[in-house]
Amino acid sequence: MVIVEEVTPTRIDSYLAEKLELSRSKIQKLIKEEKILVNNKKVNSSYLVKENDEITINDELPYH
């Protein structure tokens with residue numbers, strides 16, 4: 001789970017690509033497959049993350 005700490009609105013695909021060191025296309029694929037949820041709800045790739053959003057990733061990702 002990722003908790004958003006920044007206040008600046010950023011697209012979820014860009015935000016997670018930077019945080020998880022994955023490509024935006026991989027993030028977009030996971031969002032489309034509903035493997036990434038925000039506050040337990042499905043979102044699209046253009047969703048703007050907000051402070052205190054809880055992002056749940058239901059996939060086996062290589063964490064660094």
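Analyst: From the N terminus, the elements run β-β-α-α-β-β-β-β. That gives 2 helices and 6 strands. Helices (H or I, at least four residues) and strands (E, at least two) are DSSP runs, numbered from the N terminus. The radius of gyration is 10 Å, close to the 11 Å that the globule rule gives for 64 residues, so the chain is as compact as a globular protein of that length. This radius is taken over C-alpha atoms, and the rule is 2.2 Å times the number of residues to the power 0.38.

This is a predicted model: local features need pLDDT of at least 70, side-chain atom pairs count only at pLDDT 80 or more, and totals for chains, interfaces and linings use all residues. Residues are numbered from 1 along each chain as its sequence is written, and side-chain values use heavy atoms, with hydrogens and water left out.

Now the sheet. It is open and holds 4 strands, in the order β1-β6-β3-β4, with antiparallel pairing. Its edge strands are β1 and β4 (41–42), each of which pairs on one side only. Two strands pair if DSSP finds at least two bridges between them. Strands of a sheet pair through backbone hydrogen bonds, either parallel or antiparallel.

β1 and β6 run antiparallel and are joined by 2 bridges. Val 2 stands opposite Ile 55 in β6. Ile 3 faces Glu 54 of β6. Next comes the pairing of β6 with β3, antiparallel over 3 bridges. Here Leu 37 has Thr 56 in β6 as its bridge partner.

Helix α1 ties into this sheet. The helix covers residues 12–20, and its buried residues are Ile 12, Asp 13, Tyr 15, Leu 16, Ala 17 and Leu 20. Buried means under 20% relative accessible area, exposed over 50%, partly exposed in between (1.4 Å probe, protein chains only). The buried residues of α1 pack against sheet strands β1 (2–3), β3 (36–38) and β6 (54–57). They also pack against β2 (10–11), α2 (24–32) and β5 (48–49). Contact means heavy atoms within 4.5 Å. Just after α1, Glu 21 takes a positive phi of about 55°.

Back to the whole chain. Of its 64 residues, 38% count as buried. Among contacts between residues at least 6 apart in sequence, 52% join residues at least 24 apart. Along its principal axes, the C-alpha trace spans about 25 × 25 × 20 Å.
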